Amino acid sequence: MRKLYILFGFAGLAALNSCTDHEVIPPPVPLVDLNCECEADIGDTTATVTYTDSCYYQSFKTIVTEGVSNARYMTSVENEDVPGGLEVEIRSINWTDGGTNNPTIEEWKTFLNDNANPDYSDNPGHNGIAVRWIDPNGQTWASDTTASVCLESFVFNTLIQESDTTGKYMQFDASFNCTLLNSSYGTPDSMKCLENGHMRSAFKLE
């Protein structure tokens, strides 16, 4: 009889072990590999200006209920803990908002793909592209359309839409040249030519 009790004991331990819950760890969610780098020759700087550490994404919107809404998108590339950076802003998409405060992904993709070679704009109310350089002193130099001394061009070499759990992105590779103006330094330093600009970053639908 004692052997029978021992057998039941082992059977009970086996049953307890078989009921132990095992933690299921889900596979990692793939994230978009976002590009983040830019460089340019600016004015009388002695070397090419390069930023590679950090990218930031912003949008500026006017939402109209049951009317035409509007948004423009900006990305900036900077070096962490170092003053300065380059910004690119594209203007602007119009859409009838359905309550999401965003255009649809298809509207957004069409808008950006249709503007692969935008003209420079010096007014937030105008369509086109704007480039800004924040110099090491924290002063902002903005692209301009009135001067004819500097070469002016902008082209998105590639536009690739990708999404992940953090948002919807339009990754791009862009080449550009432009005139930069700044009124804070006075006439002698008020204009610089940005040449051989190249940026790899993204706009974010948000």
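**Figure 1. Six aromatic residues form one cluster.** Tyr120, Phe154, Phe156, Phe172, Phe176 and Phe203 come together in one aromatic cluster. The model shown here is predicted. Across the whole structure, a search finds 9 aromatic pairs. One of the residues in this cluster, Phe154, is taken up again in the next view.

**Figure 2. Phe154 and Phe176 make a stacked pair.** A pair of aromatic rings is described by two things: the distance of the centres and the angle of the planes. How far apart are the ring centres of Phe154 and Phe176, and at what angle are their planes? The centres are 5.4 Å apart and the planes are at 15 degrees, so the pair is stacked. Planes under 30 degrees apart count as stacked. The pair links distant parts of the chain, 22 residues apart. Phe154 belongs to strand E8 (residues 153-164), and Phe176 belongs to strand E9 (residues 167-181). The cut-off for buried is under 20%.

**Figure 3. The largest nonpolar core holds 39 residues.** Which members touch the most other members of this core? They are Leu86, Val131, Phe154, Phe156, Leu194 and Phe203. Strand E9 gives the most to the core, with 7 residues. In soluble globular proteins, nonpolar side chains tend to be buried together. In the protein as a whole, buried residues make up 38% of the 206 residues.

**Figure 4. Leu194 touches residues from several stretches of the sequence.** Residues up to four places away in sequence are not counted here. Leu194 touches Ala40, Asp41 and Ile42, among others. Its other partners include Leu86 and Val131. Phe176, Asn177, Cys178 and Leu180 are also among the residues that Leu194 touches.

**Figure 5. Ser143 is a buried residue in a strand.** Ser143 is found in strand E7 (residues 140-144). Its relative accessible area is 6%, so Ser143 is buried. What does Ser143 contact, leaving aside neighbours within four places in sequence? The partners include Tyr120, Ser121 and Asp122. Ile129, Ala130 and Val131 are among them as well.

**Figure 6. Strand E4 pairs with E3 and with E5****.** Strand E3 (residues 54-62) and strand E4 (residues 68-78) run antiparallel, joined by 9 bridges. Thr62 has Asn70 in E4 as its bridge partner. E3 and E4 form a hairpin with 5 residues between them. In that turn, Glu66 has a positive phi of about 55 degrees. E4 is also joined by 9 bridges to strand E5 (residues 85-96), and these strands run antiparallel. Thr75 stands opposite Val88 in E5. E4 and E5 form a hairpin with 6 residues between them. In this turn, Asp81 has a positive phi of about 65 degrees.

**Figure 7. Confidence falls under 50 over residues 1-19****.** For this stretch, the model has 0 contacts beyond four places in sequence. How does the protein score on average? The average pLDDT is 86, and 83% of the residues score at least 70. The secondary structure comes to 2 helices and 10 strands.

Key. Residues are numbered from 1 along each chain as its sequence is written. This is a predicted model: local features need pLDDT of at least 70, side-chain atom pairs count only at pLDDT 80 or more; totals for chains, interfaces and linings use all residues. Side-chain values use heavy atoms; hydrogens and water are left out. Helices (H or I, at least four residues) and strands (E, at least two) are DSSP runs, numbered from the N terminus. Buried means under 20% relative accessible area, exposed over 50%, partly exposed in between (1.4 Å probe, protein chains only). Rings of Phe, Tyr and Trp (its six-membered ring) pair if their centres lie within 6.5 Å; planes under 30 degrees apart count as stacked, over 60 as edge-to-face and the rest as tilted. A nonpolar core is a set of buried Ala, Val, Leu, Ile, Met, Phe, Trp, Tyr and Cys residues joined through side-chain atoms within 4.5 Å. Contact means heavy atoms within 4.5 Å. Two strands pair if DSSP finds at least two bridges between them. pLDDT is the predictor's confidence in each residue, from 0 to 100.
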